Amino acid sequence: MIPVGWSLALSAGLFMIGVVGVLVRRNALVIFMSIELMLNAANLVFVAFGRQMNSMDGQVIVFFVMAVAAAEVAVGLAIIVNLFRLRETVFVDEINLLKG
Amino acid sequence: VIPQMLFAAFAAVALVSSLMVILHRNAVTSALFLVLAFCSLAGIYLLMGAEFVGMVQVIVYAGAIMVLFLFVIMYLNLKHDVETGVQVALRRGLGWVLGAILFAEGALLLGHRWFPGPVSSSTEMQRGGNTEALGGVLFSRYLFPFEVIAMVLLVAMVGVIVVGKGLRAERREDGR
């Protein structure tokens with residue numbers, strides 16, 4: 001049996017990497033990938049605690065999180081494509097106007 | 001002991017490849033490392049007995065979502081770094097080495113297949129398995145959230161089509 005602490009440590013590491021990626025990168029696409037990393041860290045915690053408590057609820061919630069992540073990625077990438085058409089850049093520090 | 005070792009290996013791969021995601025300069029490489037991180041996470045889910053989640057992780061995350069990412073990255077045609085000859089040679093050599101390892105693995109597995117050992121019955125199959133249990137919970141206790149999530153996906157699909165149509169088409173309809 002894998003101790004639940006190991007999963008929590010791995011999840012914390014992945015989440016921190018995701019946060020650092022969002023903070024330090026300029027490319028909007030890489031920022032989105034970092035957000036995916038954070039979502040996966042949360043999923044790992046759900047699965048680990050679900051197994052610890054011997055219930056299926058954690059895995060069901062992971063299923064929902066994945067569906068929401070898919071929707072989020074689709075909408076976000078569409079926005080990024082539109083942004084690129086408008087401003088010819090995906091670097092977030094060059095996008096500083098609400099007006100297109 | 002073996003599950004712990006496998007967990008440690010998968011965790012190391014996941015951490016290193018997710019570090020590469022945020023450290024590498026090329027967005028395409030970042031996306032491919034993210035695929036590697038997702039696949040090792042799927043391995044961890046399998047180790048934890050969450051088979052359905054592991055498979056969905058591979059199909060939805062490593063398959064669908066990352067293909068969408070790569071499509072957008074290549075559609076936008078961002079600045080790509082210049083490749084030098086040394087890197088190409090290194091990559092080709094690495095490819096050959098990895099291919100040889102894969103071939104050796106296949107040969108080894110095939111050898112075991114021809115001379116199968118005694119069947120181990122240590123892992124007893126739970127009846128129906130993980131997927132059936134998850135489906136039972138999903139379609140009874142979580143039926144309403146399931147329907148809501150279907151609605152969310154539909155709304156997201158319509159929204160993406162509207163947003164992706166672009167401003168130019170909108171302006172044309174306005175007659176500008």
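Buried means under 20% relative accessible area, exposed means over 50%, and partly exposed lies in between. The exercises below use a predicted model.

**Exercise 1.** Classify W6(A) as buried, exposed or partly exposed, and do likewise for F7(B).

*Solution.* The relative accessible area of W6(A) is 37%, so W6(A) is partly exposed. For F7(B) the value is 3%, so F7(B) is buried.

**Exercise 2.** Describe the aromatic pair of W6(A) and F7(B), and state where its two residues lie.

*Solution.* Begin with the total: there are eight aromatic pairs over all chains. In the pair of W6(A) and F7(B), the distance is 5.9 Å centre to centre and the planes make 45 degrees. Planes under 30 degrees apart count as stacked and over 60 as edge-to-face, so the rest are tilted. The pair is therefore tilted. Next, locate the residues: W6(A) is in helix α1 (residues 4-24) of chain A, and F7(B) is in helix α1 (residues 2-23) of chain B. The pair therefore joins two chains.

**Exercise 3.** Determine how helix α2 of chain A and helix α2 of chain B are oriented, and describe their contact.

*Solution.* Helix α2 (residues 28-52) of chain A packs against helix α2 (residues 27-47) of chain B at about 5 degrees, and their axes are 11 Å apart. Angles under 35 degrees count as roughly parallel, so α2(A) is roughly parallel to α2(B). Residues making the contact include L37(A) and L44(A) of α2(A), and L34(B) and F38(B) of α2(B). By type, the contact residues are 13 nonpolar, three polar and two charged.

**Exercise 4.** Which residue lies over the face of F91(A)?

*Solution.* The residue is R26(A), at 4.3 Å from the ring centre.

Conventions: Residues numbered from 1 in each chain as written. Chains lettered and ligands numbered in written order. Predicted model: local features only at pLDDT ≥ 70, side-chain atom pairs only at ≥ 80, totals over all residues. Heavy atoms only, no water. Axes fitted to C-alpha atoms, helices over the stretch in contact; angles between N-to-C directions. Helix = DSSP H or I, 4+ residues; strand = E, 2+ residues; numbered from the N terminus. Parallel < 35°, antiparallel > 145°, perpendicular 65-115°, else oblique. Contact = heavy atoms within 4.5 Å. Nonpolar A, V, L, I, M, F, W, Y, C, P; charged D, E, K, R; others polar. Phe/Tyr/Trp six-rings, centres within 6.5 Å; stacked < 30°, edge-to-face > 60°. Buried < 20%, exposed > 50% of the residue type's maximum accessible area, 1.4 Å probe, protein only. Lys NZ or Arg CZ within 6 Å of the ring centre and 35° of its normal.
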